[in-house]
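User: I am new to this structure and would like a close look at a single part of it. Please take me through that part slowly and connect it to its surroundings.

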Amino acid sequence: MDRVNEIYTDIRDEAQKVLISNEDVVEGFTVALLTEGHVLLEGVPGVAKTTMANLFARATGLEYRRIQMTPDVLPADITGTQVYRENASEFELQHGPVFANLVVADEINRATPKTQSALLEAMQERHVTIEGNTLSLPSPFMVIATQNPIEMEGTFELPEAQRDRFQFKLTVDLPTVDEERELLNRFDASPNLGPDDVTQVIRPEDVIRARQAVTRVHVDEKVKEYILGVVAATRESPAVEYGASPRATLAFLNAGKARAAIRGREYVIPDDVKSLAEKVLAHRLALTADAELSGQSVFEVVEEILDRVEPPEGSSLPSEGVPLSDRSDLSQT
């Protein structure tokens, strides 16, 4: 798994030529890329959400397209349409911006539900239908949708079916004083610093090989039971109206494998599952009215679930620090 770790390290280091902190976001992007997932990215204006996606695309060599979502954007503006060419007296298919490796739907909650749904087929099926013609999207294909949590006037909340199609919800926080000081110094020295200063550090074949390596990561039966226990607890919690779907269970499995590979491990440990819980569950859980009225947040609910569901123990589950050569036989439970 060393090469997967090297790929992530190369991407992270290249992005940090411009990016200040937010390593967790870059890791989330990388995990999603290696597991064919999509990311919902939330943060207040000005924290460089779109820039992060652009930096990631440049470092990975992915073809990048950005769609600025507004109420007047139509589904055809995303997928494409047939355009009549008068000089040729025929219709010509014009591909929309969704035909790219990495598509950023900026401020997705400002688009109407009809337009939001245009992304559903693309995200789930990796193809779109234009006037009866089904067209495959490029591979790899990844959607990063951004939203602003503080300006809700004139927005359309993503329906549960659409939220569930995002593997992760990542939050971009405001920088600390020290991080913002570094930002000032860096841009004082290089006022035009931006995505153009980032170069491609991996090739498409690297992504393909890394994806294959991730699928070979071992998941012990005890870890699988832990995943099932965490997901089941979301459906049984009195604070949750609707718990996580089986898609969340698979997100834990696939993302756990990628996180392990990024850290140079050939096996998933319970800490992988715990570290992914908020990212996988926060956007999928619908709280009850009583929980919302009491001021309980979805993050508190996830934390309570993790406290309640006991992680597995045993010699067959190595810890984070155990080297690959010293790991025990993970087939024993």
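Are K169 and E42 buried or exposed? Please build the account of this part of the structure around that pair.

Analyst: In this predicted model, K169 and E42 are both buried, and their side chains meet in a salt bridge with an N to O distance of 3.3 Å.

The surroundings of the pair include a pocket. K169 and E42 are among the residues nearest the centre of the largest pocket, together with Q147, E157 and R163. This pocket has a volume of about 530 Å³, and 20 residues line it. Sorted by class, the lining consists of ten nonpolar, five polar and five charged residues.

R181 and D178 approach to 2.7 Å between their closest N and O atoms, and both lie in helix α8 (residues 177–189), three residues apart, or about one turn of the helix. R181 counts as partly exposed because its relative accessibility is 43%, whereas D178, at 56%, counts as exposed. In the other salt bridge, R203 and D206 have their closest N and O atoms 3.5 Å apart. Here R203 is partly exposed at 44% relative accessibility, but D206 is buried at 3%. Salt bridges with shared partners join R203 and D206 into one network with R3, E6, E205 and R209.

The second largest pocket holds about 450 Å³ of space. It is lined by 21 residues, of which T35, E36, G37, Q167 and N254 are the closest to its centre. Two or more residues of this lining come from each of α6 (118–125), α9 (204–215) and α11 (246–262), with α11 giving the largest share, five residues. By class, six of the lining residues are nonpolar, eight are polar and seven are charged.

How values were computed. Residues numbered from 1 in each chain as written. Predicted model: local features only at pLDDT ≥ 70, side-chain atom pairs only at ≥ 80, totals over all residues. Heavy atoms only, no water. Salt bridge = Lys/Arg side-chain N within 4 Å of Asp/Glu carboxyl O. Buried < 20%, exposed > 50% of the residue type's maximum accessible area, 1.4 Å probe, protein only. Helix = DSSP H or I, 4+ residues; strand = E, 2+ residues; numbered from the N terminus. 1 Å grid on protein atoms, 1.4 Å probe; cavity = no way out; pocket = protein on both sides within 12 Å on 5 of 7 lines; lining within 4 Å. Points joined across faces, edges and corners; volume = space filled by probe spheres on them. Nonpolar A, V, L, I, M, F, W, Y, C, P; charged D, E, K, R; others polar.
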